[in-house]
Amino acid sequence: MRLRYSKADGTQMEFELGERPVTIGRSPEADVVILDEKVSRIHCGIRYWDGDFYIKDLKSKNGTYVNDRRIDVAKLKPGDRIRVGSVVLVFEQEGPPAHEEALEEVEQELARGKGYSTILREIVRSTDESAGVSALRARDTSSGDEPAIRIKTRRRQAFAEDEGQ
């Protein structure tokens, strides 16, 4: 997750959020420094807790607003607009990494009944076509007792076996 905002001079800024609590304010000690006279020295804080991000106003004089509503504490959702003084910060979710998208696509194909061998042939074929070169082909070197291919995903701890397609 990240915060995206524009400085007074128009410079686009981005701040990555993680498990460490973050403070927003006018003070140089704040993690996200906003030079605005309406912003308190340590205006508000964002904290990751139990799988979600929460924002808390830290007794600022002019208040913290999420989607134009003054808050004391609020759970943040992607797309929320946080106003601190005259600056608006957008709480954004980053897109999933490419490898997660690929695993998701493979899982969907498996759920539709497609076998591992078929999926791998399609991957190799698309790689060959996009690269314009011939790729090395994998051989099945399994003894027969073991599956030729195993895929382990984060969601499933058990290994799935090749269906022989």
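1. A word on terms to start: two strands count as paired if DSSP finds at least two bridges between them. Please keep in mind that this is a predicted model.

2. Six strands form it, in the order E2-E1-E11-E10-E7-E8, with antiparallel pairing. Strand E2 (12–16) and strand E8 (69–71) are at the edges; each has a single partner strand, so one side of each has no neighbour in the sheet. On average, neighbouring strands here are turned by 30° against each other, direction ignored.

3. Across from Arg4 you will find Val90 in E11.

4. Next, the largest nonpolar core. It has 22 residues, and Leu3, Ile46, Ile55, Ile82 and Leu89 touch the most other members. At least two residues each come from strand E1 (2–6), strand E3 (22–25), strand E5 (44–49), strand E6 (52–57), E10 and strand E11 (87–92). E11 gives the largest share, three residues.

5. Leaving out residues up to four places away in sequence, Ile82 touches a list of residues including Leu3, Ile46, Ile55, Tyr65, Leu76, Leu89 and Phe91.

6. Finally, Val84, which lies in strand E10 (residues 81–84). Is Val84 buried or exposed? Val84 is buried, because its relative accessible area is 0%, and the cut-off for buried is under 20%. Beyond neighbours within four places in sequence, Val84 contacts Ile24, Ile34, Val39, His43, Cys44 and Leu89. Lys38 is 46 residues away from Val84 in sequence, yet their C-alpha atoms are 7.9 Å apart in space.

Note on methods. Residues are numbered from 1 along each chain as its sequence is written. This is a predicted model: local features need pLDDT of at least 70, side-chain atom pairs count only at pLDDT 80 or more; totals for chains, interfaces and linings use all residues. Side-chain values use heavy atoms; hydrogens and water are left out. Helices (H or I, at least four residues) and strands (E, at least two) are DSSP runs, numbered from the N terminus. Buried means under 20% relative accessible area, exposed over 50%, partly exposed in between (1.4 Å probe, protein chains only). Contact means heavy atoms within 4.5 Å. A nonpolar core is a set of buried Ala, Val, Leu, Ile, Met, Phe, Trp, Tyr and Cys residues joined through side-chain atoms within 4.5 Å. Axes are lines fitted to C-alpha atoms, for helices over the stretch in contact, and angles run from 0 to 180 degrees between N-to-C directions.
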